[in-house]
Amino acid sequence: MTADQGAEAGAGAVEGRPAQPVQSAEADRLGDILRSPGYLKTLVICGLVGIPVSLAAFWFLAGMHWLEHALWDDLPRSLGWDTAPWWWPLVLLPLAGVLVALVALRLPGGGGHIPAAGMGGGATLPIALPGVLLAAAASLPLGATLGPEAPLIALGGGLALMFRDLTRSPAPKRTAVLLGAAGAGAAVSAIFGSPLIGAVLLIEMAGIGGPQLFAVMLPALLSSGIGALVFTGFGHWTGLQTPGLAMKVTEPFQRLDALDVLWALPISVAVAFALHAVIGGARQVAVFVSTRTVERSLLCALGAGVCAALYTLLTDRSPVDVASSGQTLMSGLVTDPRAWGIGALVGVLVFKGLAYGLCLGTLRGGPIFPALFLGAAAGLLCAPLPGLGIVPGLAVGLGAAAAGVLRLPVSSVVLVVLLLGSTAAAPLVILSAVVAFVTTELLPAHGPVPAPKRRVRGAVTRP
């Protein structure tokens, strides 16, 4: 609405004439969209897409979990070790670097977007899905300090477009956007354990407003809800089970006070600065490995392995603390925080942070889970500060880390509040997320990330 229109509406109200609703035109337009047969048909198709996409996401996550367990638990035991030895990541992570580089060079799509660029790299065409899945399988189980969310988004969007091609549905650009959002929503709800997180995350990632926002998000929300049913079940059907994201915070928490708020400000700024530096370094790593890809990917992945090995030698803890996304470890971190000494927390922040930057620029995966783990560790390290405590420290660290990496403040708040399983610390989460987001936005922008290479008719090119 323009200034003149606003003045006219206000004047009408003052004169006693009913003011025209400023959203009436937008509401009428949204109603026209919802009543159109084509959109209703697409909405039904998107709801149906949620079922196969959720099943595919389940088997993807189950396969990654099985491979990780086999490589980091079963194989060392079969060779005579109770746990993975300190040098174990020096073998697996370089192998991951070579495999991902070969996938990026030889398969369409370059193995998916480079995680240093953020959560997603645009629509994933079905032809690129094999490369995305192979690159993820070569990264996550072998110890990449990355999460599975970005490959899941690519899997959901690519399968949705494949479903469209198989059913020979009309292929206008709007339909492709809707189907891609629906597939991504169903896949994201699987890993985050809630369709609400997936829907809110995709709202902010879409970056569009007005009726187009609702038109895109309704299929994503519907598909996310159906996907959640597959995983949680209803009635007498218990659904499929995957490791949950929610943490059980056992520490008592009474109420927020002024010291919690005061400590939240500098901690959030510090977390935002640290993660901004890590992502900046990761983008430099991505530029470094964009030429002589195999050799330099091997070198950077070896560097991540060295970080995990040094951490184990210095702290006498498992290298998995560094060489993993941190998704499964985070529950133990917050359930029994006193099992982690100050030295272990400092060590995991330093070495996992370095490995995170190297993996973001070299391997394939998502940026969220390692950032959440680092935020939780930073919050626990700050918890002994006068007047803070464990639960407020966790709330601040998680909120700042999520917003600093995602740069989606609403999604970050929803994610962390649901993660903590309580709204008691929600004000601190909101404050830390906003402070970290503003800090990150005010810091100098990073350089661009080179597009992944792809092979077209025997030649390696860039999209």
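**Entry 1: ground rules**

I call a residue buried when its relative accessible area is under 20%, exposed when over 50%, and partly exposed in between, using a 1.4 Å probe and protein chains only. By that rule His276 is buried, with a relative accessible area of 14%. I note that this is a predicted model, in which local features need pLDDT of at least 70 and side-chain atom pairs count only at pLDDT 80 or more, while totals for chains, interfaces and linings use all residues. Residues are numbered from 1 along each chain as its sequence is written, and side-chain values use heavy atoms, with hydrogens and water left out.

**Entry 2: the whole chain**

I looked up the secondary structure and found 17 helices and 2 strands. Helices (H or I, at least four residues) and strands (E, at least two) are DSSP runs, numbered from the N terminus. The chain has 463 residues, and 51% of them count as buried. Its accessible surface comes to about 20,400 Å², with 68% belonging to carbon and sulfur atoms. Such areas come from the Shrake-Rupley method with a 1.4 Å probe, and for residues only the protein chains shown count as cover.

Next I checked contacts, meaning heavy atoms within 4.5 Å. Among those between residues at least 6 apart in sequence, 77% join residues at least 24 apart.

**Entry 3: the core**

Which residues have the most contacts inside the largest nonpolar core? I found Phe192 and Tyr356, in a core of 108 residues. A nonpolar core is a set of buried Ala, Val, Leu, Ile, Met, Phe, Trp, Tyr and Cys residues joined through side-chain atoms within 4.5 Å. In soluble globular proteins, nonpolar side chains tend to be buried together.

I then followed Tyr356, leaving aside its neighbours within four places in sequence. Its contacts include Thr145, Leu146, Leu275 and Val278, and also Pro370, Ala371 and Leu374.

I looked at helix H14 (residues 368–382) as well. H14 is mostly covered, with 13 of its 15 residues buried. From first C-alpha to last, H14 reaches 21 Å, close to the 21 Å expected at 1.5 Å a residue. The expected span is 1.5 Å times one less than the number of residues.

I went back to His276, which has its place in helix H10 (residues 258–289). Leaving aside neighbours within four places in sequence, His276 is in contact with Thr440, Leu443, Pro444 and His446.

Ala70 lies in helix H3 (residues 37–78) and is buried, at 17% relative accessible area. Not counting residues up to four places away in sequence, Ala70 touches Leu75 and Pro76. I also looked up Pro141, which is 71 residues from Ala70 along the chain; their C-alpha atoms are separated by 8.8 Å.

**Entry 4: a nonpolar patch on the surface**

I found Trp86, Leu302, Val306, Leu310, Leu313 and Leu314 forming a nonpolar surface patch, with about 540 Å² of accessible area together. Patches are made of residues with over 30% relative accessible area and no salt bridge, where like charges are joined within 9 Å and nonpolar side chains (Val, Leu, Ile, Met, Phe, Trp, Tyr) within 5 Å. Leu302 sits in helix H11 (residues 293–315) and is partly exposed at 33%.

**Entry 5: salt bridges**

How many salt bridges does the structure hold? I find 3, each being a side-chain nitrogen of Lys or Arg within 4 Å of a carboxyl oxygen of Asp or Glu.

- Asp74 and Arg77 meet at 3.8 Å, N to O. They are separated by about one helical turn because they are 3 residues apart in helix H3.
- Arg317 and Asp321 meet at 2.9 Å, N to O. Arg317 is partly exposed at 24%, whereas Asp321 is buried at 4%.
- Arg407 and Glu441 meet at 2.9 Å, N to O. Arg407 lies in the loop between H15 and H16 and Glu441 in helix H17 (residues 426–442), so this pair ties together parts that are 34 residues apart in sequence.

**Entry 6: positive phi**

I saw that Arg407 has a positive phi of about 60° although it is not a glycine. Arg407 is partly exposed, at 38%. Asp316 is found in the loop between H11 and helix H12 (327–335). Is Asp316 buried or exposed? I noted it as exposed, with a relative accessible area of 72%.
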